[in-house]
Amino acid sequence: MPEKKYKIGLVLSGGGARGFAHLGLIEALHEAGIYPDIISGTSAGALVGVLYADGYSPKEIMKLMDHGSTFDFVRPAMPREGLLQISGIIKILKSSLRAKTFEELKIPLFVTATDLNNGKAVRFSKGELVDPVIASSSIPVLFQPVIINNVHYVDGGVMDNLPVKPIENKCKYLIGSFVNPVGYTEKITGLITIAERAFQLNMSKEALEKENKFDLFVAPTELVKYGVLDPEKAEEIFQLGYKATKEKLKTIDIVKCFDL
């Protein structure tokens, strides 16, 4: 059997503002001496993944992304192709990313987006960075599609919210961070809330189908209390990811499991 190219692969799901939990997970991994060699991300996982792969630490990414208000990230738009504009996130990426292409990143990265024209998941790993990451994060109805080479792309979570496929045969060990648990929600009113909830439900099936592919899988159930568009709670969400990962690491022999 051929030796795997990478030792540790990290897969980051979509989940909007719940993606701050990915940063808590990475912080806990660092404290345990675990560092990913390759990353695959969708939506919020693509945003976290690209900044981490560019060399930012989890706490540095928190400072970049934790602006305290939903409307620091998005703006209302004329509802033709999307209810909101993702302008704030575009600004953060364009001003913060040192790498301009995938090839310039310090850690190899795969970003998954959904090709609306052809109805399939597409993996980006070469060329220009910002447009594929924004495409991967563009929740349908909420945000307008991103056009790349005359193809309309939306959130990767539509087709693959836990994108293990691009790296599962390349890594000796796999770590999965899933931040989209679904539980009871009482208030479902307004177009944005309905669109957000429908998208959450569609993405939630990924965890059950793919959990057994990972050597370490973290999915904090408490995240059900937080919305996809809820960046005001960034620090709380970060801590949930951090604590859930610390607890999960206690249940395994990390030296044995990851050859540390």
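What is the mean pLDDT of the protein chain, and what share of its residues reach 70 or more? The mean pLDDT (the predictor's confidence in each residue, from 0 to 100) is 84, and 78% of the residues reach 70 or more. Over residues 68-85 the pLDDT falls below 50. Beyond near neighbours in sequence, this stretch still has 52 contacts in the model, a contact being heavy atoms within 4.5 Å. The model is predicted, so local features need pLDDT of at least 70 and side-chain atom pairs count only at pLDDT 80 or more, while totals for chains, interfaces and linings use all residues. Residues are numbered from 1 along each chain as its sequence is written, and side-chain values use heavy atoms, with hydrogens and water left out.

The largest nonpolar core holds 61 residues. Such a core is a set of buried Ala, Val, Leu, Ile, Met, Phe, Trp, Tyr and Cys residues joined through side-chain atoms within 4.5 Å. Buried means under 20% relative accessible area, exposed over 50%, and partly exposed in between (1.4 Å probe, protein chains only). Val-50 and Leu-93 touch the most other members of this core. Beyond neighbours within four places in sequence, Val-50 contacts Leu-93, Leu-97, Leu-105, Leu-109, Leu-129 and Val-133. A second, separate core has 12 residues, among them Val-11, Cys-171, Leu-174 and Phe-217. In soluble globular proteins, nonpolar side chains tend to be buried together.

Ser-13 sits in the loop between strand 1 (6-12) and helix 1 (20-31). Helices (H or I, at least four residues) and strands (E, at least two) are DSSP runs, numbered from the N terminus. Ser-13 counts as buried because its relative accessibility is 0%. Residues up to four places away in sequence aside, Ser-13 touches His-22, Thr-42, Ala-44, Gly-45, Asn-161, Leu-162, Ser-177, Phe-178, Val-179 and Asn-180.

Strand 5 (residues 109-115) and strand 6 (residues 120-124) run antiparallel and are joined by 5 bridges. Strands pair if DSSP finds at least two bridges between them. Asp-115 has Lys-120 of strand 6 as its bridge partner. The hairpin has 4 residues between the strands. Gly-119 takes a positive phi near 65° there.

The structure holds 7 salt bridges, each a side-chain nitrogen of Lys or Arg within 4 Å of a carboxyl oxygen of Asp or Glu. One of them joins Arg-98 and Asp-54 (3.6 Å, N to O). Arg-98 lies in the loop between helix 4 (87-96) and strand 5, and Asp-54 in the loop between helix 2 (44-53) and helix 3 (58-65), so the pair ties together parts 44 residues apart in sequence. Arg-98 is partly exposed at 48% relative accessible area, whereas Asp-54 is buried at 2%.

Glu-168 pairs with Lys-213, the closest N and O atoms being 3.2 Å apart. Glu-168 is partly exposed at 22%. Lys-213 is partly exposed at 36%.

Glu-247 and Lys-250 also form a salt bridge, with closest N and O atoms 3.2 Å apart. Both lie in helix 7 (residues 234-250), 3 residues apart, about one turn of the helix. Glu-247 is partly exposed at 48%, and Lys-250 is exposed at 64%. Salt bridges that share partners join Arg-123, Asp-160 and Lys-210 into one network.
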